[in-house]
Amino acid sequence: MADEDDQQANPTDSYDEVLDAADGYARAWLSGIRERPIPPRLGVEEVKDRLGRTLPDPGEPATDVIARLAEEAEPGLIAMGSPRFFGWVIGGTQPVALAADWLAAAWDQNTGLRNITPGVVAAEELAGEWLVDLLGLPTGSEVGFTTGATMAQFTCMAAARDAVLARVGWDVETAGMAGGPAVRFIVGEERHGTVDLAGRYLGLGTPIAVRSDEQGRIRVDELRATLAAGEGPAIVLLQAGNIHSGAYDDFGAAITVAHEAGAWVHVDGAFGLWAGASPRLRHLVDGVEGADSWSTDAHKTLSVPYDCGIAIVGDGRPMHRALSMHASYLQATDVGADPHEKVPELSRRARGIPTWAVLRSLGRTGVARLVEGLADAARGIADGVAELPGVEVLNDVVFTQVCLALDDDAATEALSERLWHEGEVLAMTSRWRDRSVVRFSVSNWGTDAAEVRRTVAAVERAVAAVVE
Ligand SMILES: Cc1ncc(COP(=O)(O)O)c(C=O)c1O
């Protein structure tokens, strides 16, 4: 008989206690998120001290590790899930999305191959089809789940680079970029910085920036002139949702101009593409379906946990050419493409699962209401703060972004700092059209009318303190 010590423990026996501990800490965090001060109380070095800087030897029991992590990191956490968190573009997490994410983590399916992980690939493929339909994009478009919009842009632009070079007889996947035709990479001057990053990963160099109008929309006349001034393969980047104003490019006109010049058109719609899911707001993306590819985030507007971006291409073939790898030990599908052929990486978690869960839970009308709720809250904040003495709202509030300013830059920056120190509302400073602004990006599903009132009241207190 085997000695008791030699017997293999059932690996599942050890999960219960540690998962219960994590569950308790997670619930405590979530139940406190609305009322706790938003900014972190401690910085990185202080948290390192609290966590302990030395690698322990021997190691510690799992429940102690979880307790240490939850208790010692907690003062360094920022309440990004607060309904009064308006920094950057950060979505809160819907309960069903978190629960689905936990399941995806527990299942731990390496979601590269249709034949091997059908349970999660099925849910991701359905979510992809539903998204294309909801956003009003061409049926049959190919969808990849990436870490975020940056990598979704990269994914779509890899397809774009392949396609525009193939049209002039250059196979970039075998020949590389060196010695090949130059690709003109054309953007609006107010594109998001990650567009440049995605272009840089692809060897496209610094983009050619076309001037934008006063709300940050690409000027179509200038786009036409820029395209006419050069020749050869071109990729044009348009934007659904300017980070400061929320403005949308004129897709109908810009896409026509770009296509007449033979360019591939990609639309960065990290948060703004979601207007397409609302009958009331769909006019903002009129004509967007005429582009060749689109990128967006589920971890912003759709309220799934980090990290989940979505890359969509109308014709999947250049995407597959750009991103596929084949190996005899991988059991490739003979139906369409495998998940790994739609994203940059081979191995990844089933990160589309929370997206499937939110779409299933909200349904078509629920998604429309979610998007409209964010836009309504932005309108409410803009209207409320515009009444305050000395406050000017600088942008046309068409979607979820509000930029306000006081008379001078120093006062505007002091306002944002004041909000940070009070901790009830987080809205950070930025520079837009040569002025310091405080940006509100409404991206949390919990920002209702009551939260809007609390937000305006907090801004009122901060303004009074700054201008006193
Ligand atoms: C318009 C736009 N594009 C791209 C991105 C990059 O998205 P991610 O941080 O998910 O990579 C953002 C992020 O806020 C954005 O607002």
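## Basis of the values

Residues are numbered from 1 along each chain as its sequence is written, and side-chain values use heavy atoms, with hydrogens and water left out. Because the model is predicted, local features need pLDDT of at least 70 and side-chain atom pairs count only at pLDDT 80 or more, while totals for chains, interfaces and linings use all residues.

## Nonpolar cores

In soluble globular proteins, nonpolar side chains tend to be buried together. A nonpolar core here is a set of buried Ala, Val, Leu, Ile, Met, Phe, Trp, Tyr and Cys residues joined through side-chain atoms within 4.5 Å. Buried means under 20% relative accessible area, exposed means over 50%, and partly exposed lies in between (1.4 Å probe, protein chains only).

The largest core has 53 residues. Those with the most contacts inside it are Leu 223, Leu 227, Leu 238, Phe 251, Val 267, Leu 302 and Phe 399. Several elements each supply at least two residues of this core, among them α5 (118-134), β1 (142-146), α9 (220-228) and α12 (353-386). Helices (H or I, at least four residues) and strands (E, at least two) are DSSP runs, numbered from the N terminus. The largest share, six residues, comes from α12. Domain 2 (98-358) and domain 3 (371-467) each give this core at least three residues; the domain bounds come from an automatic or database domain assignment. Apart from this core lies another, of 27 residues, including Val 391, Leu 404, Leu 415 and Leu 419.

Leu 223 touches Ile 186, Val 210, Ile 218, Val 236, Ala 254 and Val 257, not counting residues up to four places away in sequence. Contact means heavy atoms within 4.5 Å.

## Helix α8

Helix α8 spans residues 193-201. Its residues Thr 194, Val 195, Asp 196, Ala 198 and Gly 199 are buried. The buried residues of α8 pack against α6 (149-167), β2 (184-188), β4 and β5. After α8 comes Gly 203, with a positive phi near 75°.

Asp 196 also forms a salt bridge with Arg 191, with the closest N and O atoms 2.7 Å apart. Asp 196 counts as buried at 17% relative accessibility. Arg 191 is partly exposed, at 24%.

## Salt bridges

The structure holds 35 salt bridges. Each is a side-chain nitrogen of Lys or Arg within 4 Å of a carboxyl oxygen of Asp or Glu. One of them joins Arg 364 and Asp 133, whose closest N and O atoms are 2.6 Å apart. Arg 364 lies in helix α12 and Asp 133 in helix α5, so the pair ties together parts that are 231 residues apart in sequence. Arg 364 is exposed, with a relative accessible area of 51%. Asp 133 is partly exposed, at 45%.

A network of salt bridges links Glu 35, Glu 422, Glu 424, Arg 454 and Arg 461.

## The ligand site

The ligand is surrounded by 15 residues, each with a heavy atom within 4 Å of it. The closest are Thr 150, Ile 243, Asp 268, Asp 297 and His 299.

Polar contacts are pairs of N or O atoms within 3.5 Å; within protein, one must be able to donate a hydrogen and the other to accept it, and residues adjacent in sequence count only if both atoms are side-chain atoms. A ligand nitrogen is 2.9 Å from an N or O atom in the side chain of Asp 268. A ligand oxygen is 2.6 Å from an N or O atom in the side chain of Asp 297. A polar side-chain atom of Lys 300 lies 3.2 Å from an oxygen atom of the ligand. Asp 297 and Lys 300 also form a salt bridge, with the closest N and O atoms 2.6 Å apart. Both Asp 297 and Lys 300 are buried.
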